[in-house]
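Visitor: I would like to go through this one term by term. Please show me the structure before we start.
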Amino acid sequence: MNSEVIALGLNFLLALLLLGLAGFALLTRHNLAAVISFMVFGLLLTLAWARLNGLDVALTEAAIGGGLTGFLLLTAAIRLRPTEETMQQHMPKASTRALAALLATTVSALLAISVLALPSPAPTLAPQVMQHLPATQVGNPITGVLLAFRAMDTLLEALVLLLALLGVWSLAADTAWGGRPGIFPQQDANGILAYAARLLPPVGIIIGGYIFWIGADHPGGKFQGATILAAMWLLVVISGLRDTPPISSRSLRGWMVLGPLIFIAVGALGSLFAGHFLAYPQGYAKLMIVAVELALLPSLTLILGLLLLGAPKRPVKS
Amino acid sequence: MNTATLFGLCASLLIGLGLYGLLIHPHPLRKILALNVIGSGIFLLFGAIAYRGAAAGLGLSVGADPVPQALLITGIVVAFAASALAVALLLRLFEVSGNVSLQAEESADQASDPGSDPVNNPGAGEERR
């Protein structure tokens with residue numbers, strides 16, 4: 001009883017902090033402060049996911065929602081600093097703001113009413129998943145859903161990432177097309193960033209590989225693992241130790257499409273031997289899942305990292 | 001009030017806050033951030049529903065309904081991809097035009113000014129870095 005009260009108090013505090021941070025991120029005048037507040041919000045949201053027993057989602061949120069999105073917005077806020085003052089003059093009139101507040105309050109109120117009116121007992125697919133999970137030979141039900149029951153979602157997700165990267169690259173100026181993305185800083189080889197970029201990647205690679213590998217039976221998986229590996233790669237790039245490959249590189253492109261291609265090939269094998277696209281032949285499910293995950297890992301690592309680095313900007317010398 | 005209801009209500013407020021930010025901020029970067037807050041709110045709402053699903057399901061062997069959780073992981077990754085594309089578009093707009101205003105009449109002013117022709121002067125924003 002007592003521990004329940006403490007748990008409820010902690011949840012309440014967490015919800016208040018989340019709302020406060022989100023409110024600050026949305027209402028402050030300064031872009032940089034807003035982005036930093038959003039990053040802290042992302043980290044605290046990870047705790048909320050842990051409270052909701054979603055450890056897999058918590059890991060994804062920490063890695064991608066908080067980490068990668070935060071880094072993306074932070075670099076953009078720094079680049080766009082010169083625009084901040086002029087844009088503040090375009091703040092809408094008080095009447096417009098009041099209308100927006102009214103609309104937002106209405107949406108929140110309707111959602112809150114729906115939350116309070118959710119059906120009980122809650123509809124759930126958990127029993128069906130647990131019943132059929134042994135057929136997939138993986139122990140983590142979420143991995144089972146991602147790579148067996150709803151494998152099509154995961155395949156399309158990998159393709160969406162690839163398409164987003166193509167979209168980002170297509171924004172390169174003609175002179176920079178085919179060049180190396182990111183700015184390659186000439187930095188002090190003995191600086192603290194270069195030191196961290198030498199020290200951390202071996203540890204990060206092991207942690208990333210571990211989180212990837214235990215994803216079969218415990219919280220973790222390819223997206224979370226790939227994000228950590230991508231972060232290690234980015235650390236090496238932004239510290240100026242090793243430049244990015246040019247986007248015209250055939251081996252880079254090959255690694256990027258390797259994961260989706262293997263996934264599609266496995267799906268095609270399914271339609272030949274098990275009757276459906278992406279169905280796994282009896283007894284080979286685990287093998288197929290591991291093959292797909294293993295092929296997706298390097299592709300996702302590269303795509304996530306390259307999405308953060310953006311379109312190439314340095315002119316290509318011909 | 002149980003955990004699912006508490007975070008469900010928190011998520012409803014987050015969505016409202018994000019919507020307000022999306023509507024009032026003139027800076028596109030803040031709009032992208034606000035969209036991410038809305039996204040986080042929607043994910044959290046879905047997560048609260050997944051948590052309720054566990055109570056009706058098997059209790060402790062799964063902490064929450066795995067189907068919504070798997071969809072959430074997909075959703076978070078896709079939201080990141082969309083944000084990355086939006087930020088890349090924004091940075092490119094800044095590079096070619098030197099500002100990030102989304103208002104139509106301003107871009108018309110820009111085009112009539114021969115000094116800042118975005119086509120012939122692609123590095124206009126680059127120098128401001």
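Visitor: Which residues are buried in α7(A)?
Guide: This is a predicted model. In α7(A), the buried residues are P141(A), I142(A), T143(A), G144(A), V145(A), L146(A), L147(A), A148(A) and F149(A).

Visitor: What makes a residue of α7(A) buried?
Guide: The cut-off is 20 or more other C-beta atoms within 10 Å of its own. Nine of the nine residues of α7(A) are buried, so the helix is mostly covered.

Visitor: What do the buried residues of α7(A) pack against?
Guide: In chain A, they pack against α3, α6 (126-136), α8 (151-169) and α12 (285-309). From chain B, α3 joins in.

Visitor: How do you know which residues make the contact of α7(A) with α3(B)?
Guide: The test is C-beta atoms within 7 Å. P141(A), I142(A), V145(A) and L146(A) make the contact from α7(A). From α3(B) come P66(B), V67(B), Q69(B), A70(B) and I73(B).

Visitor: How many residues of each class does that contact have?
Guide: The contact of α7(A) with α3(B) has eight nonpolar, one polar and no charged residues.

Visitor: How many residues does each chain give to the whole contact?
Guide: Chain A gives 84 residues and chain B gives 77 residues. On the chain A side, helix α3 (residues 55-79) supplies the largest share, 13 residues. That side divides into 58 nonpolar, 17 polar and nine charged residues.

Conventions. Residues numbered from 1 in each chain as written. Chains lettered and ligands numbered in written order. Predicted model: local features only at pLDDT ≥ 70, side-chain atom pairs only at ≥ 80, totals over all residues. Contact = placed C-beta atoms within 7 Å. Helix = DSSP H or I, 4+ residues; strand = E, 2+ residues; numbered from the N terminus. Nonpolar A, V, L, I, M, F, W, Y, C, P; charged D, E, K, R; others polar. Buried ≥ 20, exposed ≤ 12 C-beta atoms within 10 Å, placed from the backbone.
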